[in-house]
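Below is a set of questions and answers on one protein chain. The sequence and the structure come first.

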Amino acid sequence: MAKKPGSKTGKRSAKSRAAATKKSPADSKKPVRVPRKLEPKRHPRWQFWRRLPANQLPSKLPSSWRLTKLSAKTLRGHWKLFGKISLIYGVLNLALVRGFSSGIDIGSLRSSFDQAVGVSSGSFTSGIGTFVSLLGSASTSGNPGAGTYQLFLVLFVSLAVIWALRQVAADHPANARGAYYQGMYPLIPFILVTIVIGLQLIPLTIGSFIYSIVISNGIAVGFWEHAFWLAIFVLLAALSIRMICSSIFALYIVTLPDMTPMSALRSARRLVKHRRLSILRKLLWLPILLLIILAVILVPVIIWIDPITQWLFLLLIMCAPAAIHAYIYTLYRELLND
C-alpha cells in the first residue's frame with residue numbers, strides 16, 4: 001500500500017535525508033595539501049659507480065689489513081692442508097712445466113742488468129733490478145706447451161684451494177686428496193667463468209694496445225694529444241675493471257652445487273652492488289702486498305745467496321695460489337655476511 005506524502009514516516013525520511021546531506025563544519029574545511037615528496041634522482045645504468053644517499057649505503061667492509069690477517073689466520077690454522085695442496089701443485093709444476101723449459105739463470109740476469117745500468121754487482125740496486133727481471137722472465141714462457149700445462153695446473157689448484165677453504169669455513173673435515181678429487185667437479189663451469197673474465201679484459205687490452213702504438217710511433221706529439229689517448233686508455237681500463245670487480249667472485253659462487261655460470265655472474269653482480277670502489281681498493285692491495293713480500297724475501301737472497309734464489313722463488317710461487325684465494329675468499333665471505 002502506498003504511503004501518503006504527509007505521513008510521519010515520510011517526514012522522518014525527509015529529515016534523515018536532509019541530515020545526511022548536511023555538511024558538518026569539519027567537512028566544510030578545505031582539504032589539506034600534502035607536499036609531494038620528490039623521488040631520488042635515478043642514475044643512468046651505464047654509470048660506472050652509482051652514488052647513493054648516506055642512509056642507503058651498505059655497511060662498511062673490513063679493512064685490507066684486517067682481511068689480510070683473517071686470511072693469514074686461516075692458512076696458519078690449517079697449514080698442513082694447504083701445505084699439501086701447494087706441495088702437489090709444486091711437484092706437478094716442476095714435472096710438467098719446468099721440464100719443458102730451462103731454469104732461470106739468476107747470474108745471467110744480474111750480470112745483464114748490471115751491464116745495462118752500470119751498477120756494481122751485489123749492491124741493493126742490482127738486487128732490485130734482478131728481482132724485477134726475475135718476475136718478468138717468470139711470467140713469460142718460451143714453450144707454448146709449458147704455458148698450456150701451467151694454465152690447467154692453475155685451474156686445478158684453484159679449485160682444490162677453494163674447496164678446502166669452503167670446508168674449513170664450514171668446520172668440515174678436509175684433506176688434500178679430497179681437495180683434488182671432490183673439488184674438481186665444477187671444472188667446466190669454472191672454466192666458462194674464467195673465459196668470461198678473459199673476454200671482459202678485451203677493452204683493457206685494446207686500450208693498452210692503442211696507447212702503446214700511439215706513443216711508440218710518435219702519433220701523439222703534444223700534451224693534449226697524449227692526454228686524449230691516455231683518457232681513452234683509462235676509460236677502457238675502467239670498463240674492464242668494473243666488470244672484473246664482480247666476475248672475480250663468480251669463480252667462488254660457481255663452485256656451489258647446481259650453480260650455472262650465468263647464475264653465478266648475476267649473483268656476483270648483486271653481491272658487489274654499490275661497493276665496487278671499496279672492493280677495488282681491497283683487490284689492488286693483494287698484488288701490492290705479494291710484491292712486497294717477494295721483494296723482502298728475495299732481494300737479500302739475490303744479493304748474498306745467489307745459488308738458492310731460483311728454488312726459493314719456485315717455493316714462493318708454489319704457495320701463491322693458496323694465499324691469493326684465501327684473501328679473496330675471505331673478502332667474499334665478508335660480502336655474504338653483510
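Q: Which helices each supply at least two residues of the nonpolar patch?
A: Patches join nonpolar side chains (Val, Leu, Ile, Met, Phe, Trp, Tyr) within 5 Å, from residues with over 30% relative accessible area and no salt bridge. A salt bridge is a side-chain nitrogen of Lys or Arg within 4 Å of a carboxyl oxygen of Asp or Glu. Helices are DSSP runs of H or I, at least four residues, numbered from the N terminus. At least two patch residues each come from α9 (187–200) and α10 (202–216).

Q: What sort of model is this, and what pLDDT do side-chain atom pairs need?
A: Residues are numbered from 1 along each chain as its sequence is written, and side-chain values use heavy atoms, with hydrogens and water left out. The model is predicted; totals for chains, interfaces and linings use all residues, local features need pLDDT of at least 70, and side-chain atom pairs count only at pLDDT 80 or more.

Q: Which helix gives the largest share of the nonpolar patch?
A: The patch includes Ile-188, Leu-192, Phe-209 and Ile-213, and its residues together have about 900 Å² of accessible area (Shrake-Rupley method, 1.4 Å probe, only the protein chains shown counting as cover for residues). Ile-213 is found in α10 and has a relative accessible area of 32%, so it is partly exposed (buried is under 20%, exposed over 50%, partly exposed in between, with a 1.4 Å probe and protein chains only). The largest share, five residues, comes from α10.

Q: Where is Asp-171 placed?
A: Asp-171 is not a glycine, yet has a positive phi of about 60°. Its relative accessibility is 69%, so Asp-171 counts as exposed. Its place is the loop between α7 and α8.

Q: Is Asp-258 buried or exposed?
A: Asp-258, also not a glycine, has a positive phi of about 55°. Its place is in the loop between α11 and α12. Because its relative accessible area is 82%, Asp-258 is exposed.

Definitions and conventions: Patches are made of residues with over 30% relative accessible area and no salt bridge: like charges are joined within 9 Å, nonpolar side chains (Val, Leu, Ile, Met, Phe, Trp, Tyr) within 5 Å.
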